[in-house]
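Dear colleague,

Please find the structure below, handed over for your own work.

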Amino acid sequence: MDFFDAKYITESPRNETLFGLVDDGQLACSTTKNASSWIAVVKNRQGKNVQFVPVDHNIQVFEVGNERSMCDGMLYDLDRSWLAFVEMKELVGEWMRDARLQLESTLEIFKENHDAEKFHYRFAYAANRKHPHFQFSQKQVMQEFYNQYKFRLLFQNNIDVK
């Protein structure tokens, strides 16, 4: 399974210095319109060419007849030095655990099919518009996530392109 296959790309790369990610329950997408609807904010200070690929409901993996839970999307620069997976939530309660589990599920499939180490910068974002800057320390969870997947896990809705 090739996450970078053109059949999964639903929009053109963008190089705006600021854009948002939205998820309407179907395919997630990136946009520069209606900033109040953005769940995650992408800051692309260098104006790199960045590709957003919806993952959930687009790159489908079935196990025992059921679709595997995947994160909402994947972002990468066209130079392929920076890669980020994003799970967007607008919930309270167990959103952090749920987002982390969806990111883990996606990374397991991704790493079975790709050499993630080719990307110098690797991130997994759990973004929540209702909790954009979560204050509770998740150091242990973040360290365990990194040890297992070699992706830096961040609980925030600001995504910085490196």
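Among contacts (heavy atoms within 4.5 Å) in the chain between residues at least 6 apart in sequence, 67% join residues at least 24 apart. The model is a predicted one, in which local features need pLDDT of at least 70 and side-chain atom pairs count only at pLDDT 80 or more, while totals for chains, interfaces and linings use all residues. Residues are numbered from 1 along each chain as its sequence is written, and side-chain values use heavy atoms, with hydrogens and water left out.

The chain holds two helices and eleven strands, taken as DSSP runs numbered from the N terminus (helices H or I, at least four residues; strands E, at least two). From the N terminus, the order of elements is β-β-β-β-β-β-β-β-α-β-α-β-β. The radius of gyration of the chain, taken over C-alpha atoms, is 15 Å, close to the 15 Å from the globule rule (2.2 Å times the number of residues to the power 0.38) for 162 residues, so the chain is as compact as a globular protein of that length. Its C-alpha trace spans about 40 × 35 × 30 Å along the principal axes.

Of the 162 residues, 48% count as buried, that is, under 20% relative accessible area with a 1.4 Å probe, protein chains only.

One residue may be of interest to you. Glu104 is found in helix α1 (residues 95-113), and Glu104 counts as buried because its relative accessibility is 15%. Beyond its neighbours within four places in sequence, Glu104 is in contact with Phe145 and Tyr149.

Yours sincerely

Conventions
Buried < 20%, exposed > 50% of the residue type's maximum accessible area, 1.4 Å probe, protein only.
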